[in-house]
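Subject: Structure for you to look at

Hello,

Here is the structure I promised to pass on. Please open it alongside this email, and my notes follow below.

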Amino acid sequence: MARRGARDVTRTRDDTDEGRPQYKEPTRSAPTNRRQVAWTRDDGRDEWADAPPKQRRPRTTAAAPTSTPKPTRPRTPRPSAAPAGRSATRALAALSNRTTLPPEVAAEIRNAADIATAAHRERLVEKAEAAFSSYERGRFQDALRQIKPVVAETPSVAAVQELTGLAAYRSGRWREAARHLQTFGEMTDATNHLPELMDCQRALRKPKKVAELWTELRQSSPDPDVLAEGRIVAASSLAETGDLNGAISMLATAGATKNLRNPAERHLRQWYVLADFYERAGDIPRAREYFERIRHSDPEAYDVTERLRSLGPERRAPGGSRKRPPKKPAR
């Protein structure tokens, strides 16, 4: 959620080298995280701000990382959430919260390229800075092109591995994204990008690997947004194998069916995915119920108005849906 990656959601499909759209993002998939996390999902397109403000579709996503909106989040895309435990090597985890390359990352790049000349080390830092800037502006393919020479010469810098993985993920290059995100996780023991990694495996049609990563994520006690995005991706993976009931149950038993007065973005994303699953399962009334919840909370969220319209007019029970109160006996 997933991380194809619901934070930004309607995304246009980028050309990918894998032939699959990203919890990032299937048209009717889960929402991707608002902010690009450190899980969006929503994915040269989302989530867990790359889409137009009025038509957000969940990366699954979530994470456009979608798995959704997706939650192609997924959800992506997608392809989100705040990083779990910050340090110098995880300085890029909150990409959407910075405007310049963190100085500690620049220092790590210079140190890692110790056999190069001082001028060459500075050129590597400049390329990383340009890649970071491109990523911030949503130019994910440019970011990937700019960071590749840097990661090739400084593979020991976790933040460079992270940015390369995220840029590849948002560009729809699933194998490349999975390789760098997995390396980042092994170097830092961070789990905040597991939803994006799950979404890559989902896009590569590896449901067993998705299930393994989902188990790892649950056992790591992650941030609620990261956990929700991962759940969206895992449920979307089940749905794609034909187990719609299992996908619905995974979300329903986790409390996604609760009707909240002030839902967070992760709740809207899970409702969107549930509504999509119910529609695919033929349960139109329940699909309408969850789409209505989203529209009531945020009328401009995702493509909920369009989805409701596609369900057709609401059918009322014979005699009207409301029962008339019994007449009072005459005195």
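At what angle do the axes of helix α5 (residues 174–188) and helix α6 (residues 194–203) cross? In this predicted model, the two axes cross at roughly 150° and come within 9 Å. The crossing of α5 and α6 is left-handed. On the α5 side, the residues in contact are W174, A177, A178, L181 and Q182, and they meet E196, L197, C200, Q201 and A203 of α6. Sorted by class, this contact is made of seven nonpolar residues, two polar ones and one charged one.

The buried residues in α5 are W174, E176, A177, A178, H180, L181, F184, G185 and T188. Among the elements that cover them are α3 (140–153), α4 and α6. After α5 comes D189, which has a positive phi near 65°.

Helix α4 (residues 158–170) is one of those covering elements. Its 13 residues reach 18 Å from the first C-alpha to the last, close to the 18 Å expected at 1.5 Å a residue. Is α4 mostly covered or mostly open? It is mostly covered, with 13 of its 13 residues buried. Just after α4, G172 takes a positive phi of about 80°.

S237 counts as buried because its relative accessibility is 7%, under the 20% cut-off. Which residues does S237 contact, leaving aside its neighbours within four places in sequence? They are R202, P207 and V210. The C-alpha atom of S237 is also 8.3 Å from that of R205, although 32 residues separate the two along the chain.

The mean pLDDT of the protein is 76, and 65% of its residues reach 70 or more. Over residues 1–17 the pLDDT is below 50, and this stretch has 266 contacts in the model beyond near neighbours in sequence. Residues 59–98 also stay under 50 in pLDDT, and the model gives them 574 contacts beyond four places in sequence.

Happy to talk any of this through once you have had a look.

Best wishes

Methods
Residues are numbered from 1 along each chain as its sequence is written. This is a predicted model: local features need pLDDT of at least 70, side-chain atom pairs count only at pLDDT 80 or more; totals for chains, interfaces and linings use all residues. Side-chain values use heavy atoms; hydrogens and water are left out. Helices (H or I, at least four residues) and strands (E, at least two) are DSSP runs, numbered from the N terminus. The expected span of a helix is 1.5 Å times one less than its number of residues. Buried means under 20% relative accessible area, exposed over 50%, partly exposed in between (1.4 Å probe, protein chains only). Axes are lines fitted to C-alpha atoms, for helices over the stretch in contact, and angles run from 0 to 180 degrees between N-to-C directions. A crossing is left-handed if the near helix is turned anticlockwise from the far one by less than a right angle, and right-handed if clockwise. Contact means heavy atoms within 4.5 Å. Ala, Val, Leu, Ile, Met, Phe, Trp, Tyr, Cys and Pro count as nonpolar, Asp, Glu, Lys and Arg as charged, and the others, Gly among them, as polar. pLDDT is the predictor's confidence in each residue, from 0 to 100.
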